[in-house]
Amino acid sequence: MATLPTRIKIMKKILLLATLALLATTSQAGPGEDRQKAFKQVLRSFEPMGVMLRGSGYRKDVFIKHADALKAVAAAPFSQFKPGTIDDVSRAKPAIWSEPAKWKAEQDKFLLAVDQLQKTARGDDLAAIRRDYGAVAASCKACHDSFRGPMR
Ligand code: HEC
């Protein structure tokens, strides 16, 4: 029978190994999946704003929360496009790396539209809110048309 301090040492080792094993499995997701997760995070705040504007459930405070949440996550996907990262699940098109100026311009347009919506959301001009939400939606689509390929 091992002494108590020895048993504690062994327990610590087991815990450390378990943690390492967990880290190894969680980092297995590839770049395509990581990016899609980041974009789904974008969708999570973008979509409910659209639902609100199309239906009758518009509430200014809730809308502002979504607009702020969108701003908080909007830039995150774009730091994850390293060259050579089109894997089995990725829908990224090679044009991302062969047309870097256009790729950057689409990002800038999107991020500016997100900023504008965040501002407009704080006012009471629903027509302007609709217009600026529409501008964000148009920039998602413009970028997808050029840089996102079909579902795999
Ligand atoms: C500057 C370009 C760009 C902008 C702007 C952009 N996307 Fe994307 N989006 C992409 C690319 C490229 C992918 C594919 C990533 C991959 O699979 O590696 C993608 C993937 C996604 C995905 C992942 C799931 C899937 O079917 O591919 C969602 C969801 C998504 N975008 C939603 C949006 C929404 C909503 C907006 C606007 C609010 C938006 N995107 C704006 C380029 C963009």
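Two residues are in contact if their C-beta atoms, placed from the backbone, lie within 7 Å. The model is predicted: local features need pLDDT of at least 70, side-chain atom pairs count only at pLDDT 80 or more, and totals for chains, interfaces and linings use all residues. Residue numbers start from 1 along each chain as its sequence is written.

**View 1. Contact residues of helices α3 and α5.** From α3, A67, D68, L70 and K71 meet V114, D115, L117 and Q118 of α5. By class, this contact of α3 with α5 comprises four nonpolar, one polar and three charged residues (Ala, Val, Leu, Ile, Met, Phe, Trp, Tyr, Cys and Pro count as nonpolar, Asp, Glu, Lys and Arg as charged, and the others, Gly among them, as polar). Helices are DSSP runs of H or I with at least four residues, numbered from the N terminus.

**View 2. Axes of helices α3 and α5.** The axes of α3 (residues 60-73) and α5 (residues 100-120) come within 9 Å and cross at roughly 155°. Helix α3 is therefore roughly antiparallel to α5 (angles over 145 degrees). Axes are lines fitted to C-alpha atoms over the stretch in contact, and angles run from 0 to 180 degrees between N-to-C directions.

View 3. C140 counts as partly exposed because 17 C-beta neighbours are inside 10 Å (buried is 20 or more other C-beta atoms within 10 Å, exposed 12 or fewer, partly exposed in between). H144 is partly exposed, with 14 other C-beta atoms within 10 Å.

Technical notes
Helices (H or I, at least four residues) and strands (E, at least two) are DSSP runs, numbered from the N terminus. Angles under 35 degrees count as roughly parallel, over 145 as roughly antiparallel, 65 to 115 as roughly perpendicular and the rest as oblique.
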